[in-house]
Amino acid sequence: MTILCVTILRSARPKSTCYSCFLLAILIFRLWRDLYAGVTEFIMKVIARSNPVVRNATLTALLLALVGVPSARTQEASQQEMHHGIAVTNMDRSVRPGDDFYGYANGGWIQRTKLPGDRAVYGVFSVLADVADKRVADLIEETAKSNPRAGSGARKIADLYNSYMDEAGIEAKGLAPLRPHLDSIAAIHDKRELARALGESLRADVDALNNTNFHTSNLFGLWVAPGFSDSEHYTAYLLQGGLEMPDREYYLSDSEAMKQIREKYKAHVAAMLKLGGFTDTEARAARIVELEHAIAEKHISLADSEDIHKANNTWKRTDFATQAPGLDWEQYFRAAGLGRQPTFIVWQPAAFKGESALVAAMPLETWKEWLAYHLIEDYARFLPKALAEERFAFYGKVLSGTPEMLPRWRRGVGLVNGVLGDDVGRLYAQRYFPPEAKAQAEAMVANIVAAFRKRIDALTWMNPSTKAEAKAKLDALYVGVGYTDHWRESSAYEVKPDDLFGNVWRYGLFDYHYQIARLGAKIDRKEWSMTPQTVNAVNLPLQNALNFPAAILQPPFFDAQAPAAANYGAIGTVIGHEISHTFDSEGAAFDSKGRVRNWWTPEDLKHFEDATGALAAQYDTYKPFPDLSINGKQTLGENIADLGGLAAAYDGYRASQGGKTPPVQDGFSGDQQFFIAFGQNWGEKIRPEALRQQVLTDPHAPGEYRGATVRNIDSWYASFDVKSGEKLYLDPKNRVRIW
Ligand SMILES: [Zn+2]
């Protein structure tokens, strides 16, 4: 349960350039950047002494003169240099806030910003991710130069990054790293051996509740987390899988746009097989896509997967053969190293029955083709250029609309962050997150938790017994700010500087073995599920815990010199969002100890379900495409968190003023600044293909609709004098009030 989609951010895709050219390019870029930064800083200092109007006009003119059309990055940098508080220049004051609050808060930025060619989506989160990635790149470079001792975390960072940048070595190896794996698939003789191969491919690559990643291309996915009923011990959760495209809708939807995507997908599968050394690729691709289509029919929807009551199904290992006949489960679990695991929580029982039956029903040869294609596809980014580019042509261009890959160094940083996130994170936190920043952010969290508690007390519809447990949840909440105190060790993970494929392969196994080794062990409630260099935040319902990584606790979200109104509207609503997940449509099912337990009186639950149903209906009315609406049920948990978070952050902000009238800045009252800062969290440019993918596969609504949350808050109406007849106006009785 995060503040934004993580999968779109995780879009590192390989592209080939010569390594020495890359180093030269970096050198030139850095020289240019340092020179540019020096000149800019000088001009900024001169301008900073002039008055704000002259300052902004001069700055814009100078930036235009220096760089042509300003990039969002330079705009953000200039704002950070000059201005603390809401970004007035990002607004479009010709829009009436009551008609389109998102456009009012962000229209100026949207009009002048060009989506970079290597991005599917670009907004405040991406600007900060750029900053964090640049810092990580610097850390990696320094680490590599320091010649760290063999076996150390620093050595692994340097070796992993270098293995990614060694394009000549990757090309020279060609398909050799794949061969042994393709040979084992070719050697499968019967369904028993197939079950073994499927078991060997299981990885800990899904996460149903924390980072909400429901997708794996393996037949099934494992998530190791505290148990639904026993939240004191790590438990095995199994989730549906088996598709390469992001969701079953891509296989099943009747819309014309989706049919066209399917045609392109079939051609892409054939192209990948050809690059992987196969013949007769069109016929093979047709069979693979047909099998995936059959799997998609067995999948349950994302909206249903988000309903934990449907997910709470404990099966004994020995139950699988009768509950879901078809797959040789004994072989499967033994090969997965789970031959002694007594029980599992099966998230989507219907999909397990259906997929297992398909293992029996579909021809062995088709399954072998499916295995081979999935292997090639899943590792294409770490293989020669031709494979990486073909993968990007479909997943980057067709599914996300992105014309170009990220530069190779960014993709390398993404890999290192994903694999050695804590080793890098430790360095990142030391350098970029001083104790004062941690203390300030912690104080803000405490204020917003206190505001949330007061809101619970003030609820007129909730019974005292329900209120008592709600407050017990807040009392027991663990809030991590900046970074974890319990870093994960990577000493057992072997990294070689000239073996990219092997490094990635070994990481999947290393992580998997780490996860299954702790099944049944006592949980660590203070364990983090995000690294400090991640620009995001997360609620962990089974641990009753929140993580706010260092990288989101910086301008423009959090700026020690900005007015409280802007900080509470920006990072405060993010903090409020994560606290509110504790009480969203999923979170409300967990008690103060992270167990699934109904602590609600029947009438309170009825009221809660009616109110959340009204919010789902409100989002169902939003229509980004003629053939596609927002799914109010699929995005409900996140929308409740946005609404609860906005309300609690507003209260926290008012409380922080101690009854005084907040200062006017840039002509805006404190309340106006608060709401504009919230709206500016969600300003983004997104490609239509990526928007479609988000609507179909993401629990978060697109930014534009998240910005419209304000229409449920009474003080927003008063702040902007919003009247009946304006597009966002809701009659007071139709404003959704939950927390
Ligand atoms: Zn969230």
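Biologist: In which loop is Asp 280 found?

Modeller: This is a predicted model, in which local features need pLDDT of at least 70, side-chain atom pairs count only at pLDDT 80 or more, and totals for chains, interfaces and linings use all residues. Residues are numbered from 1 along each chain as its sequence is written, and side-chain values use heavy atoms, with hydrogens and water left out. Asp 280 has a positive phi of about 55° although it is not a glycine, and its place is the loop between helix H11 (256–275) and helix H12 (281–298), where helices (H or I, at least four residues) and strands (E, at least two) are DSSP runs numbered from the N terminus.

Biologist: Is Asn 147 buried or exposed?

Modeller: Asn 147 lies in the loop between H5 and H6 and, while not a glycine, has a positive phi of about 50°. Buried means under 20% relative accessible area, exposed over 50% and partly exposed in between, with a 1.4 Å probe and protein chains only. Asn 147 therefore counts as exposed, its relative accessible area being 60%.

Biologist: At roughly what angle do the axes of helix H5 and helix H6 cross?

Modeller: Axes are lines fitted to C-alpha atoms, for helices over the stretch in contact, and angles run from 0 to 180 degrees between N-to-C directions. Angles under 35 degrees count as roughly parallel, over 145 as roughly antiparallel, 65 to 115 as roughly perpendicular and the rest as oblique, so H5 and H6 are roughly perpendicular to each other. The axes of H5 (residues 124–145) and H6 (residues 153–165) come within 9 Å, and they cross at roughly 110°.

Biologist: Which residues are the protein donors of the zinc ion?

Modeller: Donors are N, O and S atoms within 2.8 Å of the metal (3.2 Å for Na, K and Ca), and water is not among the atoms, so sites may look incomplete. The protein donor atoms lie 1.9 to 2.1 Å from the zinc ion, and they belong to Thr 2 (O), His 577 (NE2), His 581 (NE2) and Glu 638 (OE).

Biologist: How many residues apart are His 577 and Glu 638?

Modeller: At 0% relative accessibility His 577 counts as buried, and Glu 638 counts as buried at 4%. The pair links distant parts of the chain, with His 577 in helix H25 (residues 564–581) and Glu 638 in helix H27 (residues 636–656), and they are 61 residues apart.
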